[in-house]
Structure formats: structure tokens, C-alpha cells
Amino acid sequence: MLQFASSDSSAESEIAKVESMSSRNHLHDEMRWRTVGMLQAGARQSAVARELNVHRSVIHRLWNHYQRDQNEGPYPAICVAQPHEGGLFARRPVVCVVPSAGQSAVAEVEHRSWTPEQWGNVLFTKEFRFNIQNDSRRAMIWREPGTRYRAPNIVERDHYIVWVGIATNGRTYIYVFAGGSVTAIRYHDEILHPLVRPFIAAMGTDAIFMDDNAHPHRARLVRSYLESETIPQMAWPAISLDLNSIEHVWDMLGRRITGHSVPPGTLHELQQALVQ
């Protein structure tokens with residue numbers, strides 16, 4: 001039996017303490033669906049416990065019960081149905097990077113006021129990754145435990161990195177890296193010297209070269225080569241409100257390739273589809 005102090009203030013303090021302990025060991029019905037939704041959205045159990053001011057063990061037991069009975073018990077259905085009726089669904093939050101004031105100012109001053117003629121002097125370039133086969137992660141197989149890496153249970157998937165450059169009045173050749181990762185040496189030997197240099201020269205003295213901030217593009221070898229060939233680069237912040245217009249081209253190409261009734265099955269078919 002609990003023994004309270006004689007004064008009213010002490011008694012109220014003890015009662016509040018007991019109620020607090022009780023609330024930290026139990027979840028009200030209206031909080032249970034919120035807990036499930038937060039966990040489904042990827043929140044850590046410790047973070048949910050702090051948010052709801054309960055012991056982590058309470059969250060742990062609730063989540064285990066939900067996972068165990070989600071296909072057979074009525075409780076999960078009730079938990080999910082309540083927020084669903086209110087138009088709420090468990091979704092991962094959108095992740096974004098907020099540019100700093102200085103970076104936004106650079107983009108505003110240097111690019112927003114440009115005329116179409118100035119943009120016409122820019123060669124936009126970027127690589128894009130294509131998978132020859134469909135995403136094998138969505139394919140399911142039946143196998144015995146412990147046989148994950150046996151040959152019949154392995155699906156090989158080929159992917160290629162494709163590069164291209166576009167300008168107002170033309171584009172470069174579409175180049176496919178034969179295999180492996182794109183290093184600074186490969187970027188210099190396979191892209192800059194044979195493709196970018198002659199295209200920039202044909203564009204005229206006002207031409208500007210633009211790529212992104214990938215590590216191979218910012219290597220000392222690349223910077224030295226561009227300086228030696230007097231190829232000016234556009235100042236482009238790592239985090240900018242402006243977008244490389246070639247992103248839209250790659251998005252269109254990617255959608256058209258995946259929209260084919262018969263996707264490309266070989267490197268040659270991929271190249272032909274991209275050119276078309």
C-alpha cells in the first residue's frame with residue numbers, strides 16, 4: 001500500500017508520480033496506431049518512446065505483437081484502419097537538402113539573369129546508369145535455407161553507364177562505358193579528350209563546359225586538362241536551386257527505354273534504343 005505524506009502538496013506529488021509511472025508503462029488506445037505508423041515509417045523504437053514519453057519496452061512489445069499478429073489478429077487492422085479513415089497513411093518523409101543563402105545567391109546572380117543566347121553557349125553533360133535486365137530484386141525464387149549463393153539461385157544483372165552532352169544546336173555522341181567504374185583517368189581518356197574538346201572547339205570561343213560535381217569530374221587530373229585546353233567550366237554550386245537541363249533529357253530517355261514492350265537485352269540494343 002502506498003503511504004502518502006500528511007500535507008496535501010506531498011500527496012498530490014505522490015499521486016502525480018504514480019500516474020506518470022503508469023502512463024510510461026501503458027499506451028492509450030488512440031496512441032497505439034500512432035506508434036505503429038511511426039515505426040512503419042522507419043522511426044527507431046527509442047525515438048518513438050521518447051516522443052510518446054513511455055518506456056522503450058512498451059514500444060518493443062507493441063511492435064513485436066503487431067508483427068506477429070498482422071496477418072491474423074484484429075488489433076493491427078484496427079490500428080491501421082483508424083488513421084486510414086482519417087486520410088493518414090504511413091509513408092517515409094521526403095528528404096531534401098536546403099541550400100545555404102550564399103549558394104542560392106550565387107545561383108541567382110550568375111544564372112537566373114542569363115539570356116537564351118548565353119545559355120546557347122553551354123554544353124551540358126552528365127552520365128546516367130542503365131540496367132539491361134529488369135530489376136532482379138523484384139523477382140522471387142524458391143530455395144532451401146543456406147543455398148543463397150548457389151548458382152541456380154543467383155541472377156546476374158548487367159548495368160552500363162552512359163554519357164552524353166547536349167547544347168542548344170546539337171549533341172555529342174552517346175558514349176557507353178564498357179565496364180567498371182568511371183575514374184578520373186577514364187573520364188579524361190574516354191570523354192574529355194575525344195568528345196568534349198572537339199565539340200567545345202566547334203561551338204566557338206564563348207563555349208562553356210558544364211558537368212556535375214562527381215568525384216572523377218573534380219580530380220586534379222581533370223582540372224589540369226581543362227585548364228591546359230582553355231576549356232572554361234560553369235561555376236555550379238554543389239547544392240543549387242538551378243538544375244542541369246540534361247537531367248530532363250535523361251529522365252525522358254529513361255522513361256522511353258523502360259516503356260519498351262521488349263526492353264533492350266544487349267549493349268548494342270541499348271545503344272540503338274538511346275540513339276533512336
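Modeller: In this predicted model, helices α8 and α9 cross in a right-handed sense.

Biologist: Why are α8 and α9 called roughly parallel?

Modeller: Residues 184–203 form α8 and residues 220–228 form α9, and the two pack at about 20 degrees with axes 9 Å apart. Angles under 35 degrees count as roughly parallel, so α8 and α9 fall in that class.

Biologist: Which residues bring α8 and α9 together?

Modeller: From α8 come A184, I185, Y187, H188, L192, H193 and R197, and they meet L221, V222, Y225 and L226 of α9. This contact is made up of 8 nonpolar, 2 polar and 1 charged residues.

Biologist: Why is V48 called buried?

Modeller: The relative accessible area of V48 is 0%. Buried means under 20%, so V48 qualifies.

Biologist: Where is V48, and what does V48 touch beyond four places away in sequence?

Modeller: V48 sits in helix α3, residues 45–52. Leaving out residues up to four places away, V48 touches T35, M38, L39, A43 and I59. Between V48 and V36, 12 residues apart in sequence, the C-alpha to C-alpha distance is 9.6 Å.

Biologist: What makes W114, W119 and F124 a cluster?

Modeller: Rings pair if their centres lie within 6.5 Å, and such pairs link W114, W119 and F124. The structure holds 6 aromatic pairs.

Methods: Residues numbered from 1 in each chain as written. Predicted model: local features only at pLDDT ≥ 70, side-chain atom pairs only at ≥ 80, totals over all residues. Heavy atoms only, no water. Buried < 20%, exposed > 50% of the residue type's maximum accessible area, 1.4 Å probe, protein only. Contact = heavy atoms within 4.5 Å. Axes fitted to C-alpha atoms, helices over the stretch in contact; angles between N-to-C directions. Parallel < 35°, antiparallel > 145°, perpendicular 65-115°, else oblique. Left-handed = near helix turned anticlockwise from the far one by under 90°. Nonpolar A, V, L, I, M, F, W, Y, C, P; charged D, E, K, R; others polar. Phe/Tyr/Trp six-rings, centres within 6.5 Å; stacked < 30°, edge-to-face > 60°.
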